[in-house]
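The sequence and structure come first.

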Amino acid sequence: MVRTGLYLFAGLLLGLTIHLVVILVLPLLATTSATAKVTALTEPAKLQLLAEAPAGGPNPLRLDPYLSYAVCRLDLGKGPGVVSGTLPQAFWSVAVLGPDGTVIYSTTNRDGIGQQLDLGLFNPVQTRLLAEQQIDIEQGLLIVESPADNVFVVVRLAPEQPVMRERYEATLSGLACGNITL
Amino acid sequence: MRFLINLLLMLVVALGVGFGLSYYALSDGRFFGGYQVGPWAAWPRAGAPDPDPYTRAFLARNGAIQLGQSEGLQFVATADSDGHPLERDCTYRIDGTTPIATFWTLVPTATDGSDIALPGGPPGFHSQRVARNNDGSLQLYVGKKLRPRNWLEIAGDGPYWLVLTLYDTAIFSGVSSAATALPSIIREDC
């Protein structure tokens, strides 16, 4: 009986080890991450509007049906990234996500940006060059440093009424997205 | 023979505890990383640049485009305030107040994330398009049977989730309303 108890205790310890391994390894093995899905939907350095999920239809990225989304995937190894343009006065936000789907940076137009989005993305080497004034950038560029080269930028825009959606999405698709050539 | 039985028992316990605990922990963050108020669960670190390992595993499993911390926070309810799983054959009243946010949306979804609101109608509730009481509180009804005031008709059968997304909220800043201001989910009838 004592021996069986010891085996059960060993099973419990082994179970806790398996649990910790699962938690730590899952992000490395997952094929359904947001990054994998966005990569399949987009081309590098090209802004892509994400289609609204139809009622009852699949919504793999779990998008809010009340918002319009634009995504731009960038490889900072090809040069610093820029996402810029003018957006409507409605609520909008921008987030920069790393290759593992974590949000590196985010902000909203409530933070004093107004209607103009001018976001510059730099990897650590480019940030150093920027500090040494070896890269020329536009004045007023919101500078974000990314530890990884492969990032994607998500712009969310909230039309006040459904009837405004089409017009707002046209504005959203007019955002510029690409790499600066050094 | 006894050795083999003990070994088998140990492996069953190890696999059950290991994978069961992982599933349970990542369902709504019941151990680490999650934040629960009544039926509502959120992962506050999901929008942070340095999430903890449990939140990181949740992000990988969930596969959604996460909201950054300054963009907002998402709460998900899989059960009502009494702990019963949400069923499409029942009518629920979402009753109370919401934390301060620029706006919020409340969308019923199937477990795979698809919207289950009746096609042709609104996909959910929007804070700027609901009728409120004089004190700012609200009663929202979700179900197949007609209800007064704010009613959202849903379609299909089976379990579902309610997804409450607060945009531009200061819920965890300590200077705004507390997360305890989340509404209750009351089952009316089935």
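This is a predicted model: local features need pLDDT of at least 70, side-chain atom pairs count only at pLDDT 80 or more; totals for chains, interfaces and linings use all residues.

Although Q133(A) is not a glycine, its phi is positive, at about 60°. R62(A), likewise not a glycine, has a positive phi near 50°, and this residue sits in the loop between β1 (48–50) and β2 (68–75) of chain A.

| Residue | Phi |
|---|---|
| R62(A) | near 50° |
| Q133(A) | about 60° |

The contact between the chains draws 48 residues from chain A and 50 residues from chain B. On the chain B side, α1 (2–28), α2 (53–62), β5 (101–109) and β9 (161–169) each contribute at least two residues, and the largest share, 13 residues, belongs to α1(B). Sorted by class, this side of chain B comprises 27 nonpolar, 17 polar and six charged residues.

Within the helix packing, α1 (residues 2–29) of chain A meets α2(B) at an angle of about 45°, the axes being 8 Å apart, and the two helices are therefore oblique to each other. Their crossing, that of α1(A) and α2(B), is left-handed. From α1(A) the contact involves I23(A), L24(A), L26(A) and P27(A), while α2(B) provides P53(B), Y54(B), R56(B), A57(B), A60(B) and R61(B). By class, this contact of α1(A) with α2(B) contains eight nonpolar and two charged residues, with no polar ones.

How values were computed:
Residues are numbered from 1 along each chain as its sequence is written. Chains are lettered from A and ligands numbered from 1 in the order in which they are written. Two residues are in contact if their C-beta atoms, placed from the backbone, lie within 7 Å. Helices (H or I, at least four residues) and strands (E, at least two) are DSSP runs, numbered from the N terminus. Ala, Val, Leu, Ile, Met, Phe, Trp, Tyr, Cys and Pro count as nonpolar, Asp, Glu, Lys and Arg as charged, and the others, Gly among them, as polar. Axes are lines fitted to C-alpha atoms, for helices over the stretch in contact, and angles run from 0 to 180 degrees between N-to-C directions. Angles under 35 degrees count as roughly parallel, over 145 as roughly antiparallel, 65 to 115 as roughly perpendicular and the rest as oblique. A crossing is left-handed if the near helix is turned anticlockwise from the far one by less than a right angle, and right-handed if clockwise.
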